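Student: I've never looked at this one before. Can we go through it together?
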Amino acid sequence: MFLAYTSTMMQKVVAFVFIVFLTSGLGMAQGNQADFPKQLLFARLTFFDFGPPFDFYEVLSLEDQGADTEVKRMIVTPAGNACVQPPSVETEATTIHKSLKELLLGKNPCGIPEKALRQERKRCKHCLVFSGVNVTLNVSCKGAERRIRMAILDKDLFDRSPNTPPNTSWTMAVLSQLDDKLSPGVMDKPAFSLGAPKPESSIALDAAMLTALKNGEYDGLFDSNKKLSELYRESQEASRLPPVHLLSATPVPPVSAEVPQYPPIARAAHVEGEVNVSFDLSPTGKVEKVSYNSGPEMFRNSVTEAISKWQFPPSSDVRHEQAKIGFMLNCPSPHP
């Protein structure tokens, strides 16, 4: 009788414990669901061992819209070379047809233990890291701001079997989803651009992110020597565009003369100098039969394109003309 009674009591205790565990588990699940963030920021600093620039700064804003998530991205690129790459700020926005919870792969960042994060950041304390990504996830957890920092090493990016720890791997998977929906980012852009520096008016900037950037609200998200707000101020300074001048045109000055564009490849190669060009003028004052006496060949296509549009005074005679055009970099030497 005693054994039967004891067995019955044990069964009741086990059943009670199971019910309590199940109920508390459901409560935790419901609590996690209720506490799941509705918006957050990813700050991503990508660094390379080649450049300049060596560092690229990104802020990604995610806001839950129910079945969709609004994503905004800002890329701040420091100056590479004053003649080729002035500092820039770019923003873009898109809507991803997934809830924020789906984008985060069902994982609530508020539940990530700080101890686990520290262990992951220290996993390669004495390794030589030449390139990588430092990520800060800024999120509100139960009304308090939390910054979750993770380090993505070069082996995580490039090795076939990197053995990336779970939280870092999760971060990479989430960011990969965002990158797939946005225009080419830091990892997909060329090492340097040969295009002309963009004036501020040609870059579409999100007003809210721009205000936050100017006010220094993103400065604390990055562990770097230079603040993001300082980089923004540098991007607003006028770029020193390499000047091109018509130095002379003889014996007859042109009525209209558009100066040639400084070829991007010449800027990248730090080529400058003077071009001496000869050409004939038709009776209507149009340029014909262009030939070059001296000057870097990199400039010649640009010069030919420009002077073919020049207009001279009409004359009954076919005339011979000469012109000298100067190209100056007006930027620091790459080899001080």
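Student: Is Glu-58 buried or exposed?

Tutor: Quick heads-up: this is a predicted model, where local features need pLDDT of at least 70, side-chain atom pairs count only at pLDDT 80 or more, and totals for chains, interfaces and linings use all residues. Residues are numbered from 1 along each chain as its sequence is written, and side-chain values use heavy atoms, leaving out hydrogens and water. Now, Glu-58 sits in strand 2 (residues 55–64), strands being DSSP runs of E with at least two residues and helices runs of H or I with at least four, numbered from the N terminus. Buried means under 20% relative accessible area, exposed over 50%, partly exposed in between (1.4 Å probe, protein chains only); Glu-58 has 1%, so it is buried.

Student: How exposed is Met-187?

Tutor: Met-187 lies in the loop between helix 5 (166–181) and helix 6 (207–214). With a relative accessible area of 44%, Met-187 is partly exposed.

Student: Which residues of helix 7 make the contact with helix 6?

Tutor: Helix 6 and helix 7 (residues 228–235) pack with their axes 8 Å apart. From helix 6, the contact uses Leu-210, Leu-213 and Lys-214. From helix 7 come Leu-228, Ser-229 and Tyr-232.

Technical notes:
Axes are lines fitted to C-alpha atoms, for helices over the stretch in contact, and angles run from 0 to 180 degrees between N-to-C directions. Contact means heavy atoms within 4.5 Å.
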